[in-house]
Amino acid sequence: MVYEPARNSDSKKLAFLTSQNFKDQAIWFLNSTDANPEDCELVWRMHKKSVALEKMKEDGTHLDAFSAHLVLESAQKACTIAEMREYLLTINPDYKKVSLLELLCYKFGSNWRDVVNAPQYDQKKEKEAQAQLKAAKKKLEEAIETAQKASDDAEKARMAEENALLQQKESSKAAEASRIAEEELCKEKVRANETLEKLKNEDLQTIRKKEELEKMSCDGNLGIVKRNRAKAELATLQNQDSLPLRAAKIQNEAALKKLTRAANAAGKAAKDAEVALVNAERAEKDAIQAKKEALETGKAAEAIIPVAKEACDGVQVVLNEVLREKKAGKGTIFYIERELQVSLFLFILF
């Protein structure tokens, strides 16, 4: 943040400061006050609460009245609408929204004029520390992102391999079951066909027998006894009910057709199962390859870790120098340490 307080009136200084994002407002406030570590943490929480409530998030500068009250409540500094309005009118009679800087002044009872006019430190070392922090955070984010990708890829590969093995097992079972079913249906088809042929032969023999008896009953060359015997036997055959035989024949023909369709379906299922088995085996190979790639990504993540740690150590070196030479304010140092702490925590947590 580049700012020269002496060139502007207090109101213009405040207007400029409150046009900065929440983080810069919080840092300015801490640099302008003698805040203890607990107060620094509280400012940090109020900053993050404001970010959570503002649609522009970290780029936000002001809050509506309702959100401002929520921030104060979270900081155990609840007040009425009238109290808030009365306070803000003493600062800016034309206010429409509330800045974080104004909320911090209200919470800690700081004089806003003292805050905006507080001397700031040489920004050279501050910028150097901020740049180091940004680079360190980027390295940490790269390490976390790479490690996360390795973890996700490894999990996907593991699940893919499990699914491939399961599909392979199920496809193998299905292929075997379909093959057995096809064999059994083929056997049933043969038996049904044999039964149908037997019924057809019985029917044909009966027809031929009737024809033979009819000829004998009309053959004048035969004696009367033989002709009468043939007539009696023919009458007996003609009086027999042929419906059960015809029904059995029809039912057997229908069963044969049904078995044929079932056998064809079983054959198709067996072929489909074999194709599924081939696909499952291919999926298993792909999963094994994906696992190898995930391991390579994991190695890449491990290689980044020392680089990220070195970057963090570099930030700490700059911070130690800044503290020793007192070339940055308390807010600047606190925020750098706090953001580095958060990044390291996420890295360690991962």
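Is Trp-44 buried or exposed? In this predicted model, where residues are numbered from 1 along each chain as its sequence is written, local features need pLDDT of at least 70, side-chain atom pairs count only at pLDDT 80 or more, and totals for chains, interfaces and linings use all residues. Side-chain values use heavy atoms, with hydrogens and water left out. Trp-44 is buried, with a relative accessible area of 8% (buried means under 20%, exposed over 50% and partly exposed in between, with a 1.4 Å probe and protein chains only).

The setting of this residue comes first. The protein has eleven helices and two strands, taken as DSSP runs numbered from the N terminus (helices H or I, at least four residues; strands E, at least two). Along the sequence, the elements follow the pattern α-α-α-β-α-α-β-α-α-α-α-α-α. Of the 350 residues, 34% count as buried. Among contacts (heavy atoms within 4.5 Å) with a separation of 6 or more, 77% join residues 24 or more positions apart.

Helix α3 covers residues 37-53. At its start, a side-chain oxygen of Asn-36 lies within 3.1 Å of the backbone nitrogen of Glu-38. The 17 residues of α3 should span 24 Å at 1.5 Å a residue, and the 25 Å between its end C-alpha atoms agrees with this; the expected span is 1.5 Å times one less than the number of residues. Buried positions in α3 include Leu-42, Val-43, Met-46 and His-47, whereas Asp-39 is partly exposed at 22% relative accessibility. The C-alpha atom of Asp-39 is separated by 8.8 Å from that of Phe-108, 69 residues apart along the chain.

Five aromatic pairs are found in the whole structure (rings of Phe, Tyr and Trp, the last by its six-membered ring, with centres within 6.5 Å; planes under 30 degrees apart are stacked, over 60 edge-to-face and the rest tilted). Phe-29 and Phe-108 form a tilted pair, 5.5 Å centre to centre with 35 degrees between the planes. This pair links helix α2 (residues 22-32) to helix α6 (residues 100-108), across 79 residues. Phe-29 is buried at 2%, while Phe-108 is partly exposed at 24%.

Trp-44 and Tyr-335 also form a tilted pair, with 5.2 Å between centres and 50 degrees between planes. Trp-44 lies in α3 and Tyr-335 in helix α11 (residues 330-349), so the pair ties together parts 291 residues apart in sequence. Lys-48 lies over the face of Trp-44, 4.8 Å from the ring centre (NZ of Lys or CZ of Arg within 6 Å of the centre and within 35 degrees of the ring normal).

Key
Polar contact = N/O pair within 3.5 Å; in protein donor to acceptor, adjacent residues only side chain to side chain.
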